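Morning, everyone. I'll walk through one model today, piece by piece. Please have the structure open as I talk.

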Amino acid sequence: MAQCAPGNIFTVSRVYKKFSRAAGLAPGELIHVGERKSATTAITVFEFDSENMTERRIASPDDFIPFKDFSGVTWVSVEGIHDVLAVEKICAAFGVHPLVIEDILNTSQRPKTEDYGDYLYVVLKVFSFSEEDGELLTDQVSLILGRGFVLSFEEARHDVMNPVRERLRKKKGRVRTHGADYLVYTLLDTIVDSYTVVTEDMEEDMDLIEEELMGSGSDKVVESIHSMKRALIHMRKSVWPLREAVNLLYRGSSPLITADTRTYMRDLYDHTIFVLDTQETLREILSVMLDVYLTTINNRTNEVMKVLTVLATIFMPLTFLAGVYGMNFRYLPELEMHYGYHIFWVVSFLITAVMIYFFRKKNWL
Amino acid sequence: MAQCAPGNIFTVSRVYKKFSRAAGLAPGELIHVGERKSATTAITVFEFDSENMTERRIASPDDFIPFKDFSGVTWVSVEGIHDVLAVEKICAAFGVHPLVIEDILNTSQRPKTEDYGDYLYVVLKVFSFSEEDGELLTDQVSLILGRGFVLSFEEARHDVMNPVRERLRKKKGRVRTHGADYLVYTLLDTIVDSYTVVTEDMEEDMDLIEEELMGSGSDKVVESIHSMKRALIHMRKSVWPLREAVNLLYRGSSPLITADTRTYMRDLYDHTIFVLDTQETLREILSVMLDVYLTTINNRTNEVMKVLTVLATIFMPLTFLAGVYGMNFRYLPELEMHYGYHIFWVVSFLITAVMIYFFRKKNWL
Amino acid sequence: MAQCAPGNIFTVSRVYKKFSRAAGLAPGELIHVGERKSATTAITVFEFDSENMTERRIASPDDFIPFKDFSGVTWVSVEGIHDVLAVEKICAAFGVHPLVIEDILNTSQRPKTEDYGDYLYVVLKVFSFSEEDGELLTDQVSLILGRGFVLSFEEARHDVMNPVRERLRKKKGRVRTHGADYLVYTLLDTIVDSYTVVTEDMEEDMDLIEEELMGSGSDKVVESIHSMKRALIHMRKSVWPLREAVNLLYRGSSPLITADTRTYMRDLYDHTIFVLDTQETLREILSVMLDVYLTTINNRTNEVMKVLTVLATIFMPLTFLAGVYGMNFRYLPELEMHYGYHIFWVVSFLITAVMIYFFRKKNWL
Amino acid sequence: MAQCAPGNIFTVSRVYKKFSRAAGLAPGELIHVGERKSATTAITVFEFDSENMTERRIASPDDFIPFKDFSGVTWVSVEGIHDVLAVEKICAAFGVHPLVIEDILNTSQRPKTEDYGDYLYVVLKVFSFSEEDGELLTDQVSLILGRGFVLSFEEARHDVMNPVRERLRKKKGRVRTHGADYLVYTLLDTIVDSYTVVTEDMEEDMDLIEEELMGSGSDKVVESIHSMKRALIHMRKSVWPLREAVNLLYRGSSPLITADTRTYMRDLYDHTIFVLDTQETLREILSVMLDVYLTTINNRTNEVMKVLTVLATIFMPLTFLAGVYGMNFRYLPELEMHYGYHIFWVVSFLITAVMIYFFRKKNWL
Amino acid sequence: MAQCAPGNIFTVSRVYKKFSRAAGLAPGELIHVGERKSATTAITVFEFDSENMTERRIASPDDFIPFKDFSGVTWVSVEGIHDVLAVEKICAAFGVHPLVIEDILNTSQRPKTEDYGDYLYVVLKVFSFSEEDGELLTDQVSLILGRGFVLSFEEARHDVMNPVRERLRKKKGRVRTHGADYLVYTLLDTIVDSYTVVTEDMEEDMDLIEEELMGSGSDKVVESIHSMKRALIHMRKSVWPLREAVNLLYRGSSPLITADTRTYMRDLYDHTIFVLDTQETLREILSVMLDVYLTTINNRTNEVMKVLTVLATIFMPLTFLAGVYGMNFRYLPELEMHYGYHIFWVVSFLITAVMIYFFRKKNWL
């Protein structure tokens with residue numbers, strides 16, 4: 001991303017997604033609200049304990065029989081949520097409340113954690129930059145943590161969760177040996193780490209913008225600052241409530257999260273605050289940059305004006321003088337003087353010298 | 001709305017409504033404070049349970065005999081509140097405190113929830129855009145939730161509650177099978193959803209404004225930003241306290257709201273915060289737009305100044321020179337030179353070249 | 001007030017009143033601090049219950065014998081507090097603490113409620129606009145609520161409390177039938193209502209300012225915004241702490257305020273917050289107006305500069321050209337050409353056309 | 001102070017005092033950090049009860065034998081703290097913790113109250129304006145309140161505490177008849193009153209600045225606003241934490257402060273908040289002034305530009321026309337016309353009239 | 001540092017350090033994240049009680065045998081953390097949690113205190129200015145306080161902790177006679193003192209900037225303000241959370257910190273807040289400076305414009321007049337007048353006089 005020109009990097013075309021299609025509906029009527037981001041809904045089921053792991057791709061939610069008596073962890077990963085029926089069926093199989101299903105399907109949720117007793121519902125956002133035009137894209141991820149199972153719903157296929165899938169397959173790290181709560185922690189940690197990457201990309205662009213600013217400083221730079229600030233405002237809207245959501249996972253009283261995992265959740269909370277701090281810092285620096293730039297421009301205008309004024313001040317009297325002796329009055333005695341022309345030049349130089357001296361004193365030159 | 005030119009969309013002529021007519025009155029004296037927004041007061045009574053529903057239009061409040069022993073839900077919907085007597089009689093029939101009646105009639109209330117033990121009083125605002133000039137209109141809606149009954153008072157006939165009436169008639173959704181508290185939730189949910197629609201309309205206008213801004217950027221755009229910011233300031237004044245009011249419905253201890261409905265109220269609380277967040281985001285982006293626009297204008301002025309200065313710097317010496325050789329001094333040796341005129345042009349081109357070189361180096365060209 | 005020109009409406013000459021005369025004094029030394037606002041101190045005693053009411057004008061505090069055993073409510077209304085001795089004697093008769101007397105006499109108090117066990121001390125401000133020059137005037141009102149009595153101290157005679165006196169005389173409203181606490185509520189309510197009137201007057205002026213701003217937009221308008229913002233800053237300093245003071249009356253544990261009156265105090269609290277919200281809204285809109293105005297001015301400067309530059313760009317080369325053919329070189333071949341003059345005009349039109357085309361492309365025309 | 005020109009009033013040369021000399025030292029190593037502000041250290045001991053009072057000037061701390069069994073109040077007043085040994089000895093005699101001694105000697109303390117059980121340590125600042133150049137001077141005052149004794153340490157001799165000394169000598173007010181806690185209250189009250197005087201002086205200067213601003217409005221005024229704002233930022237840094245410190249004296253649980261004195265401390269707390277409010281108000285008004293001034297300047301630049309543009313627009317075509325008929329083309333038919341010159345003037349007037357009409361329509365004249 | 005030109009002092013090239021190399025890793029995988037700042041890892045072990053002290057330099061962590069039964073204090077000081085294995089081994093020897101080791105190695109931690117029961121983990125930042133280009137450098141310091149031992153990890157060799165080492169060696173101060181908690185306090189105190197030094201350096205630079213600003217005020221000054229504000233934003237991000245971390249040491253319930261040391265921690269807390277206050281003050285003053293500077297520039301542009309306009313207004317009519325009488329109309333009666341030329345000058349002087357009078361009245365001269 002850092003290789004793009006700063007002018008066209010961030011173009012957050014819409015600050016939030018429409019959900020007017022949902023307005024006026026009765027609560028509980030299920031409908032997918034949001035753009036259709038993926039062609040197909042891919043459902044993958046991971047069943048694992050420290051010993052074994054099976055990974056199954058399921059064509060239809062009807063093919064899915066959850067092994068309720070399975071002692072390990074079941075992770076149902078749904079990529080693409082436009083297939084309302086599939087989402088509903090999977091949720092129903094695990095006893096999820098209709099309001100939660102509604103929230104999963106409506107992709108304009110504020111990040112939050114909700115404790116429904118038997119399960120926890122966590123919803124948050126994933127950011128990425130579009131490959132085509134560098135636009136900041138926001139996708140919603142919903143996680144449900146129950147006793148021995150995790151459900152995850154993504155708007156589209158992201159790469160963001162792939163490292164976790166890899167670690168599961170390769171039995172890497174602690175994720176295979178710990179419970180469903182640790183899996184949720186791992187997924188959240190991976191997502192929050194991805195925020196850091198996005199923030200770092202932004203910072204690199206900011207360095208480019210700064211260089212540009214101190215150089216020519218065209219309108220394009222101001223547009224870049226503008227779109228970057230918009231992107232940061234946009235992201236904060238999603239990251240700020242996440243802080244509260246993670247805090248609830250760390251301090252909440254749900255028995256679904258073990259004391260051991262809580263220590264990790266505290267770490268996650270620190271990371272979230274770190275991302276927030278960094279974004280806040282970036283916003284403040286952008287404000288400073290804009291203020292400084294405005295001052296710089298006004299300073300330059302002042303410089304330009306001085307040049308113009310100095311020039312006008314010198315040449316206006318001279319031109320007038322030349323005009324005077326270009327007049328055709330019959331009786332114009334200076335014209336007849338032998339050294340008239342020479343005196344004209346001397347006077348001209350004197351005027352110029354006085355003016356220059358005056359501007360030097362005024363610190364304009 | 002999005003098809004209008006952005007210049008004349010928002011014209012919030014008054015930030016808050018007058019209620020000076022009420023100042024100086026003794027508390028408890030009932031008087032309608034606000035514009036008379038509808039010609040007639042329409043009173044409709046809905047009596048329903050999961051089986052049956054009757055809908056009656058009542059000409060005068062005296063015709064209304066509430067079936068106090070009716071086991072279902074009674075909803076008295078009053079549209080138009082300038083008929084003080086009618087409002088008072090209906091409220092009296094349900095034992096509503098005079099202060100509440102005063103608040104219903106005075107249309108400059110801050111949104112709030114008040115727990116009077118036997119009933120809850122909720123007051124909030126409805127926003128719409130005037131069909132004629134796109135002005136943001138604010139109307140007050142008062143809701144009273146008692147044991148088995150709901151009273152609603154609207155300043156004028158809005159369409160905002162019609163979806164709920166439709167659902168009641170068509171037995172759609174959960175509203176017929178649940179209690180009066182759920183009906184209040186449904187009404188509030190419908191109103192908060194309407195905020196979202198208004199906010200989305202604003203965002204569409206903001207996109208138009210932005211396009212305009214990056215293009216010509218006339219005074220009209222600045223006025224649009226101005227009126228949009230005013231509208232947002234105005235709306236926040238009504239939505240911000242609503243957050244507190246809904247929170248009280250969700251966390252309050254009133255036995256009038258069942259645990260089941262509280263879950264929905266929590267959802268409503270999330271929606272309210274989402275609307276607030278979005279409006280805050282819009283305000284911040286408008287601020288950024290204004291800052292960026294100011295910088296852009298100054299930048300352009302700087303560009304214009306440079307063009308002027310470059311031109312003046314080149315032509316002022318040349319014009320002076322032409323003036324010199326237009327002088328009528330009897331003794332002006334250069335005029336007599338054979339190649340004088342050619343030398344004049346050579347010197348002119350030299351001056352121009354030096355100036356252009358100088359401005360190139362100064363990065364002005 | 002709304003009929004005045006906006007330019008000279010608000011001139012808050014002093015942000016706070018001097019009390020340096022009091023600095024250096026020992027605490028407890030009583031002295032009136034503030035301007036002497038009324039020539040005489042008028043003391044009026046109202047004694048009433050639901051049946052009877054006597055109203056006496058007292059020349060000297062020595063004439064005043066409080067009927068301590070009177071079962072109704074005694075209201076001692078003191079208008080004009082420069083007569084330190086009178087204030088002190090009245091306070092002493094009701095057992096008021098010296099610090100409270102000091103606060104009553106010093107007119108630069110921050111609004112507050114203080115619970116002294118036997119009585120409550122409430123101090124707040126009354127705003128009005130001077131008839132002469134529209135200046136915002138601030139006067140201090142002190143209220144003491146004891147068991148069966150109310151003391152009120154005003155800096156000068158205001159009309160603000162007259163409606164309450166009228167209601168007492170005419171036995172209107174609930175004030176005659178309820179206790180001293182309800183009388184205090186009524187007085188406070190009347191004062192807070194007067195804030196609303198002042199705020200509305202300001203808003204009308206703001207509409208005038210806005211019209212002016214979008215029109216000519218002279219320096220005078222900016223001064224009006226300035227003085228209005230100052231007035232709002234000034235008022236907030238007095239209204240913001242009032243919120244806390246009223247909250248204490250509503251939530252405090254003093255037995256002097258009955259549960260019934262507390263319901264009314266809650267209403268008063270809502271009104272106070274409403275006034276604060278409205279003033280905050282006005283301040284924000286003024287800020288937006290100033291920002292927008294600054295941008296508009298810069299935009300107009302840019303427009304003016306473009307006109308100047310376009311003109312200069314067209315006429316500078318032409319004037320130079322005319323100057324060239326006004327030169328008196330002996331050998332200047334073009335002058336001798338038969339169509340020289342016609343060619344000059346053709347070249348001039350060509351230059352102009354090229355320039356106009358160039359500026360059209362640059363979007364300057 | 002108010003008689004000085006506003007330009008050179010506030011010059012807060014350093015925002016905080018250096019204490020790098022102290023960095024790197026072990027905690028507990030005593031060293032005086034700060035400028036040496038007085039030549040000598042003056043130690044005065046007041047011993048008083050309601051009957052008697054002795055006042056002794058002590059040359060060396062060794063001469064000081066505290067009458068530990070004295071039933072009245074002992075006040076040891078130390079003016080000038082560069083004599084580290086003297087400070088240390090006095091503190092040791094009263095059992096003061098080394099950290100407190102360190103804080104007394106280091107004059108860059110944040111105002112605070114610390115409860116050490118046997119005694120309370122209060123540190124705060126005194127402001128004054130330098131007689132020479134009107135610079136805002138900050139001095140530190142430390143107060144220690146123990147059982148029956150008060151220690152006060154001032155950086156230099158101030159007049160600020162003299163009124164208290166006078167009252168002690170003249171047996172004026174309550175200070176002689178009340179305990180050590182009341183003496184501390186009196187000292188603090190006197191200091192906070194001095195803040196009010198300083199704030200009032202600033203306000204008078206602000207009125208001068210405002211007059212200046214609306215008049216000529218040179219760079220000097222902007223510098224005055226700048227230095228005043230700096231001074232306010234500087235003072236708030238010292239007054240803001242004082243609020244917390246006084247709150248602790250009023251609400252804290254130390255048995256060293258009697259319930260009676262706490263009532264006075266509450267009053268002191270109100271005064272402190274009042275000073276803070278006033279300074280905050282001044283800062284906000286300064287910000288408004290700066291914003292308004294910036295707008296005014298831009299407005300004036302716009303006016304100046306209009307004048308220039310109007311002039312240039314009228315005279316540029318005319319000068320060009322005059323230049324045209326000053327050309328020496330052999331064949332220039334207009335020159336031969338009899339009324340050519342008169343037509344020239346008519347055309348000139350027409351051009352001028354059209355231009356003026358155009359500018360009138362554009363609202364530039 | 002103060003001797004450098006202000007233009008090139010602060011160049012905080014990166015607001016936060018990269019740790020993308022860590023994103024995507026499983027939690028618990030140890031890797032050093034950050035720049036490799038020192039060539040070697042230096043491990044020094046101090047073992048001391050009030051009597052004796054040994055200081056050993058250890059080549060490899062394997063050489064280190066902690067005397068677990070040693071009754072004094074063991075301080076293991078690690079300088080340079082890129083040797084992951086060494087860090088891990090030392091931590092393991094003292095039973096430190098893997099998450100803490102991860103935090104020690106990842107140098108982009110937010111300052112915090114974490115209580116792991118058996119030990120406390122404190123992480124904070126050290127600031128310094130690069131010798132070469134005055135860049136603000138940030139290094140991370142981790143401290144672990146256990147029962148009788150302290151571990152410290154620095155990114156590189158700083159001088160910041162040397163005074164503590166010296167005091168240990170020379171048995172100076174209380175550090176040898178008190179426990180491990182006091183050692184941690186001393187280390188933290190030394191670091192926070194170093195913040196003060198950095199802040200003071202900044203303030204000196206700010207004085208330079210201010211002088212520059214009031215003088216010529218070139219673009220360079222604005223850049224200096226910019227980079228200084230960035231540095232302050234950057235530092236606050238590290239100092240603000242430290243406040244919370246120190247508060248936990250002072251108010252937390254860990255038995256590892258004695259009541260005696262807590263008194264010192266309270267002092268440290270005060271110092272941290274003092275640094276924060278000072279930096280906040282510096283930021284505010286920088287904002288004021290930028291605002292004032294912008295106003296000053298606009299004021300100067302206005303002055304320049306006035307000069308230009310005054311000149312143009314005087315010379316444009318004169319030049320036009322001279323042009324008129326330079327025209328070659330055959331019939332131009334004024335040219336034939338004997339005193340035509342003299343009248344021309346008189347008219348010129350009259351025009352000039354009228355113009356000057358007009359500008360005087362407009363307050364432009």
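Let's start at a turn. In the hairpin of β4(C) and β5(C), Gly117(C) takes a positive phi near 80°. That hairpin has 4 residues between its strands. One caution before going on: this is a predicted model.

Now the two strands themselves. β4 of chain C covers residues 112-115, and β5 of chain C covers residues 120-129. They pair in the antiparallel sense, over 4 bridges. For a landmark, find Glu114(C): Tyr121(C) in β5(C) stands opposite.

What is the strand order in chain C? Reading across, the order is β2-β1-β3-β7-β6-β5-β4. That makes 7 strands in an open sheet, with mixed pairing. The edges are β2 (53-58) and β4 of chain C, and each pairs on one side only. From one strand to the next, the twist averages 15°.

Strand β1 of chain C, residues 42-48, runs antiparallel to β2(C), and 6 bridges join them. The link between β1(C) and β2(C) is a hairpin of 4 residues. Glu47(C) has Thr54(C) as its bridge partner in β2(C). Val45(C) stands opposite Arg56(C), again in β2(C).

Is β2(C) buried or in the open? Of its 6 residues, the number buried is 0, so β2(C) lies largely in the open.

Over to chain B. Here, too, 7 strands form an open sheet with mixed pairing. The order reads β2-β1-β3-β7-β6-β5-β4 in chain B. Its edge strands are β2 (53-58) and β4 (112-115) of chain B, each pairing on one side only. The twist in this sheet averages 15° from one strand to the next.

Where does the parallel pairing show up? Look at β3 of chain B, residues 73-79, and β7 of chain B, residues 149-154. Those two pair in the parallel sense over 6 bridges.

Chain A has 365 residues, and 48% of them are buried. Now take the contacts in chain A with a separation of 6 or more: 68% of them are between residues 24 or more positions apart.

On to chain E, and one helix in particular. Which residues of α3(E) are buried? They are Val164(E), Arg167(E) and Leu168(E). Seen down the axis of α3(E), the buried residues fall within an arc of 100°, so they line one face of the helix. What covers them includes β1 (42-48), β2 (53-58) and α4 of chain E. Turn to the face away from that buried side, and you find the exposed residues Asn162(E), Glu166(E) and Lys170(E). Just after α3(E), Lys171(E) takes a positive phi of about 55°.

How many residues of chain E are in contact with chain D? The count is 55 residues of chain E, against 49 residues of chain D. On the chain E side, the elements giving two or more residues are α3 (162-170), α4 (180-214) and α6 (259-324). The largest share, 34 residues, comes from α6(E). By class, the chain E side has 22 nonpolar, 19 polar and 14 charged residues.

Last item, the symmetry. Chain E can be laid on chain D with an RMSD of 0.2 Å. That takes a turn of 72° and a shift of 0.2 Å along the axis. The two copies are thus related as by a five-fold rotation axis. Which residue of chain E comes closest to that rotation axis? Look for Gly326(E), with its C-alpha at 4.8 Å.

That's the tour. Questions, please.

Conventions: Residues are numbered from 1 along each chain as its sequence is written. Chains are lettered from A and ligands numbered from 1 in the order in which they are written. This is a predicted model: local features need pLDDT of at least 70, side-chain atom pairs count only at pLDDT 80 or more; totals for chains, interfaces and linings use all residues. Two strands pair if DSSP finds at least two bridges between them. Two residues are in contact if their C-beta atoms, placed from the backbone, lie within 7 Å. Ala, Val, Leu, Ile, Met, Phe, Trp, Tyr, Cys and Pro count as nonpolar, Asp, Glu, Lys and Arg as charged, and the others, Gly among them, as polar. A residue is buried if 20 or more other C-beta atoms lie within 10 Å of its own, exposed if 12 or fewer, and partly exposed in between; C-beta atoms are placed from the backbone. Axes are lines fitted to C-alpha atoms, for helices over the stretch in contact, and angles run from 0 to 180 degrees between N-to-C directions. The arc is that of the directions from the helix axis to the C-beta atoms. Copies are superposed by least squares on the C-alpha atoms of residues with pLDDT of at least 70 in both.
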